[in-house]
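Hi,

Here is the structure I said I'd pass on. Have a look at it first, and then read on for what turned up.

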Amino acid sequence: MYQYSRAIYRSVKDLIDPYGDRESQIESRRAVLMACEQTMERLANDPLYFAKPDRALFQDIRRHFPITAQAPVAWAVQAGVSAAMQFIQDQIEAGALDGGVARCRATTRKGKPCQRTPLPERDYCPSHQHLETRSRVAA
């Protein structure tokens, strides 16, 4: 997650209010970097319960930018957080998160991935094991 927070910071650091004195610019850069890192840390630790992380990060850092730079900052934050969220989702689906516990490959009726653990040496949980037998018969 470090690379995502740093990518967001690098894309917006030159847009920080250029009219302040040197000390306030340095302090603003530190605050923006810290906010980016805290947001990514929270997103990595609790991805399912962090609603609108891009909006939260932008609200935290917007005061460090002039009004003319806020649209590009909002776009950079949205793009960076979206990439991080996609990475986390890919890791969850691959079973790399949650301590390496694999997840069932089936989807629920609402179209969300099944959250159950698959049977040993299988791709599907007990509720969806019928899907695996169909794929083995077809193969």
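Let me start with phenylalanine 87. With a relative accessible area of 31%, phenylalanine 87 is partly exposed, since that class runs between the 20% and 50% cut-offs. Do keep in mind that this is a predicted model.

Tyrosine 4 belongs to helix H1 (residues 2–12) and phenylalanine 87 to helix H4 (residues 70–94), so the pair ties together parts that are 83 residues apart in sequence.

Serine 5 is buried, with a relative accessibility of 2%. Setting aside neighbours within four places in sequence, serine 5 makes contact with Cys36, Glu37 and Met40.

Over in helix H4 you'll find glutamine 70. Is glutamine 70 buried or exposed? It's buried, at 12% relative accessible area. Not counting residues up to four places away in sequence, glutamine 70 touches Phe58, Arg62 and Phe65.

There is a charge-and-ring arrangement to look at too. The charged end of arginine 42 sits over the ring of phenylalanine 50, 3.9 Å from the ring centre.

Next, the largest pocket. It holds about 280 Å³ of space. The lining comes to 13 residues, and the closest to the pocket centre are Gln89, Lys112, Pro113, Cys114 and Gln115. By type, the lining residues split into six nonpolar, three polar and four charged.

Finally, the overall picture. The protein has five helices and zero strands, and along the sequence the pattern reads α-α-α-α-α. Of the 139 residues in the protein, 31% are buried. Among contacts with a separation of 6 or more, 44% are between residues 24 or more positions apart.

Cheers

Key. Residues are numbered from 1 along each chain as its sequence is written. This is a predicted model: local features need pLDDT of at least 70, side-chain atom pairs count only at pLDDT 80 or more; totals for chains, interfaces and linings use all residues. Side-chain values use heavy atoms; hydrogens and water are left out. Helices (H or I, at least four residues) and strands (E, at least two) are DSSP runs, numbered from the N terminus. Buried means under 20% relative accessible area, exposed over 50%, partly exposed in between (1.4 Å probe, protein chains only). A charge sits over a ring if NZ of Lys or CZ of Arg is within 6 Å of the ring centre and within 35 degrees of the ring normal. On a 1 Å grid over the protein atoms alone, a cavity is a set of points where a 1.4 Å probe fits but cannot get out, and a pocket is an open set with protein on both sides within 12 Å along at least five of seven lines; lining residues have an atom within 4 Å of a point. Grid points are joined across faces, edges and corners, and a volume is the space filled by probe spheres set on the points. Ala, Val, Leu, Ile, Met, Phe, Trp, Tyr, Cys and Pro count as nonpolar, Asp, Glu, Lys and Arg as charged, and the others, Gly among them, as polar. Contact means heavy atoms within 4.5 Å.
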